[in-house]
Amino acid sequence: MTSDAVISEAQLTQTIIEMARALGWLVYHTGDSRRSEPGVPDLLMVSQPPMRPRVIFVEIKSAVGKLRPGRVSPR
């Protein structure tokens, strides 16, 4: 099934944050990434007990988003 629906990076970010928090994860998101060090991902998510310890770094891009220098390209 394909969809022509386009979701913005802001909408996708908010959806991921809401889902992670609903599952008991701590989530950090810098409101203005222009003030972050280059290469810092959009989200930092940390699991909480009783889950196994996990840390997830997430760089979010929409279908038309562009990577800036210092970002890792998903392959």
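1. A polar contact is understood here as a pair of N or O atoms within 3.5 Å, one of them able to donate a hydrogen and the other to accept it. In this predicted model, the side chain of serine 47 lies 2.8 Å from the backbone nitrogen of arginine 54. The serine 47 side chain also reaches the backbone oxygen of arginine 52, at 2.7 Å.

2. Serine 47 belongs to the loop that runs between strand E2 (43–46) and strand E3 (55–58). Its relative accessibility is 8%, so serine 47 counts as buried, the cut-off being under 20%. Apart from neighbours within four places in sequence, serine 47 is in contact with Trp25, Arg52, Pro53 and Arg54.

3. Trp25 is also one of the eight residues of the largest nonpolar core, together with Ile17, Ala20, Val27, Leu43, Met45, Val58 and Ile60. Helix H1 (9–22) and E2 each contribute at least two residues to this core.

4. Isoleucine 60, another member of that core, touches Glu9, Leu12, Thr13, Ile16, Asp42 and Leu43 when residues up to four places away in sequence are not counted.

5. The sheet is open and consists of three strands in the order E1-E2-E3, with antiparallel pairing. Strand E1 (26–29) and E3 each have a single partner strand, so one side of each is left without a neighbour in the sheet. From one strand to the next, the twist averages 15 degrees.

6. The antiparallel pairing of E1 and E2 extends over four bridges. Within the sheet, tyrosine 28 is placed opposite leucine 44 in E2.

Note on methods
Residues are numbered from 1 along each chain as its sequence is written. This is a predicted model: local features need pLDDT of at least 70, side-chain atom pairs count only at pLDDT 80 or more; totals for chains, interfaces and linings use all residues. Side-chain values use heavy atoms; hydrogens and water are left out. Buried means under 20% relative accessible area, exposed over 50%, partly exposed in between (1.4 Å probe, protein chains only). Contact means heavy atoms within 4.5 Å. A nonpolar core is a set of buried Ala, Val, Leu, Ile, Met, Phe, Trp, Tyr and Cys residues joined through side-chain atoms within 4.5 Å. Two strands pair if DSSP finds at least two bridges between them. Axes are lines fitted to C-alpha atoms, for helices over the stretch in contact, and angles run from 0 to 180 degrees between N-to-C directions.
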